[in-house]
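Trainee: I would like to go through this model term by term. Please give the criterion each time, then the value.

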Amino acid sequence: MAEASSHLNLKKTVLCEVHQQLGARMVEFAGWYMPVQYEGLKEEHLNTRTNVSLFDVTHMGEFRVRGPKSLETLQWITTNDVSKLQAGQAQYTLFPNEQGGIVDDLIVYCIEPGQDYLLCVNAANTEKDFAYVLANNRGAEIINESEQWGQIAVQGPKAIELLSRVISSEIAAMGAFTHRSFAFADTQVVVARTGYTGEDGGEIFVPVSHTVKLWSELLERGQDLGVKPAGLGARDTLRTEMKYCLYGHEIDETTNPYEAGLGWVVKPAKKDFIGKAAMLAVRDAGLKRKLVGFVLEERGIPRQGYNLLSFDNKEIGRVTSGTQSPSLNIPIGIGYVDVAHSELGSEIYVDIRGRGAKARVVATPFVKTATAN
Amino acid sequence: MSYQLPEDFYYTKDHEWAQVDENIVTVGITEFAQEQLGEIVYVELPEEGAKVNQGESFGVVESVKAASDLYSPVSGTVIEVNSSLVEDPSALNDDPMNDGWLIRIEMDTEKELANLLRVADYKKLISEKK
């Protein structure tokens with residue numbers, strides 16, 4: 001993430017001034033001017049695991065897919081089975097490409113089965129994804145609603161209590177991966193019980209006209225719960241501790257979902273989809289490499305792109321993400337390794353600028369949280 | 001923000017400081033540098049006896065955000081290394097101007113000091129970065 005010295009060409013969320021008033025350090029991310037931290041990476045990370053944090057995720061993209069051809073279109077362009085979603089349910093899924101790789105990972109929200117769905121995609125891929133959906137449309141009405149939605153993620157053990165206070169006490173009864181519309185001030189917001197941190201909480205879709213108001217109320221009324229704003233830096237360390245994939249790191253147009261450990265969102269028995277044969281071919285040939293989590297047993301930080309080596313110095317893979325875990329205080333990493341070295345307990349080495357730092361493949365998530373995610 | 005910036009130290013544009021005592025130069029990174037880096041988790045330092053050159057990398061400091069090269073303020077021979085930092089780099093964040101010293105160099109020639117910044121220039125440099 002580059003420091004944005006000239007942020008004139010960057011997109012700004014409606015919360016931009018609020019972040020600056022809160023003393024955020026702003027950076028460029030996916031063409032947006034975003035807060036990377038406020039108080040500090042570690043403090044924001046730990047506060048999310050202990051209390052509750054607010055994340056501005058307005059930069060994410062939202063598409064509406066509507067009409068009698070909506071389900072058929074979504075089944076063709078995603079890997080998971082959209083037909084099993086009832087109104088108010090959501091699922092994590094992938095946009096596949098024709099080579100069996102991944103165009104993006106996203107969440108599909110069912111508003112009305114067979115008629116009306118909302119898709120939430122990565123900020124970095126919004127334009128690419130919209131073109132992909134249009135190009136592969138099977139007669140549905142496709143609308144890019146990204147500009148009308150703000151989005152705030154409220155995450156942590158006290159998140160549901162805060163949301164119940166500010167939006168509705170009925171949120172506490174919502175199951176994981178469900179969504180509901182609620183009145184807020186003089187508008188409607190959609191609360192989804194989803195998240196990218198491993199903690200309980202929700203992601204709130206709020207019209208841009210009311211995003212600042214919702215943020216302010218959450219911040220003010222959650223003071224006794226320890227609510228704090230958290231930036232993209234903490235968002236990244238939180239998801240790394242959970243071994244959640246980040247597009248451009250663990251997954252991209254060249255990676256296969258089965259190798260990434262995402263076979264559970266691929267439902268070939270239920271439907272046909274773009275690139276299905278190519279995707280299954282990698283699975284059926286026997287996986288050559290797998291995505292694993294590992295911890296370093298020496299000092300250093302594993303970074304994206306670093307090579308992974310066997311004890312006898314052979315290249316066996318590469319790091320996709322890594323950091324010093326704020327919760328565990330040890331270096332952790334995620335990466336692809338040859339299957340022979342993917343077993344739990346495998347001894348591998350991270351090539352850190354020419355030094356082989358000893359590491360060990362471990363079970364993930366690295367941290368145990370309240371959610372099963 | 002007021003940083004500890006002794007008048008008699010020399011500074012580099014890469015945020016190292018140099019304390020000169022006759023021909024022995026003690027080198028470290030400034031408070032501004034450790035603040036920019038964040039929590040430092042690892043430091044790579046040269047061996048005693050290693051030759052260093054002004055402006056060239058003599059080691060690496062690694063924080064969560066990035067790994068950054070350390071640049072030598074003068075040419076000479078490394079005569080002492082603060083090796084306790086390799087096991088525990090926390091002094092680099094806590095006390096970079098003192099306990100967090102990195103190496104001591106026997107300087108080849110004091111003429112090279114003319115290429116370094118004095119405190120006024122360094123203050124100007126960091127004020128432009130904020």
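Mentor: Start with contact: two residues are in contact if their C-beta atoms, placed from the backbone, lie within 7 Å. By that criterion G201(A) touches A153(A), V154(A), Q155(A), G156(A), A159(A), I160(A) and G195(A), not counting residues up to four places away in sequence. This is a predicted model, in which local features need pLDDT of at least 70 and side-chain atom pairs count only at pLDDT 80 or more, while totals for chains, interfaces and linings use all residues. Residues are numbered from 1 along each chain as its sequence is written, and chains are lettered from A and ligands numbered from 1 in the order in which they are written.

Trainee: Why is G201(A) called buried?

Mentor: A residue is buried if 20 or more other C-beta atoms lie within 10 Å of its own, exposed if 12 or fewer, and partly exposed in between. G201(A) has 31 C-beta neighbours inside 10 Å, so it counts as buried. G201(A) is found in strand β13 (residues 201-207) of chain A; helices (H or I, at least four residues) and strands (E, at least two) are DSSP runs, numbered from the N terminus.

Trainee: What makes β4(A) largely enclosed by the rest of the structure?

Mentor: Five of the five residues of β4 (residues 52-56) of chain A are buried, so the strand is largely enclosed. Both faces are covered, with V52(A), L54(A) and D56(A) on one side and S53(A) and F55(A) on the other.

Trainee: Which strands pair with β4(A), and in which sense?

Mentor: Two strands pair if DSSP finds at least two bridges between them. Three bridges join β4(A) to β14 (residues 227-229) of chain A, and these two run parallel; L54(A) has P229(A) as its bridge partner there. With β10 (residues 149-155) of chain A, β4(A) pairs in the antiparallel sense over four bridges, and D56(A) stands opposite I152(A).

Trainee: What makes β6 and β9 of chain A edge strands?

Mentor: The strand order is β6-β7-β8-β5-β9 (chain A), an open sheet of five strands with antiparallel pairing. β6 (90-96) and β9 (141-144) each have a single partner strand, so one side of each is left without a neighbour in the sheet. Within the sheet, β7 (residues 102-112) and β8 (residues 116-121) of chain A are joined by six bridges, and L106(A) is partnered by V121(A) in β8(A).

Trainee: How do you know that the buried residues of α6(A) line one face?

Mentor: In α6 (residues 211-221) of chain A, T211(A), L214(A), W215(A) and L218(A) are buried. Seen down the helix axis, they fall within an arc of 100° (the arc of the directions from the axis to the C-beta atoms), so they line one face. The face turned away from the buried side carries the exposed residues S216(A) and E220(A).

Trainee: How do α5(A) and α6(A) pack?

Mentor: α5 (residues 159-166) of chain A and α6(A) pack at about 115°, with their axes 10 Å apart. Axes are lines fitted to C-alpha atoms, for helices over the stretch in contact, and angles run from 0 to 180 degrees between N-to-C directions. In this packing, L162(A), R165(A) and V166(A) of α5(A) meet E217(A), L218(A) and R221(A) of α6(A).
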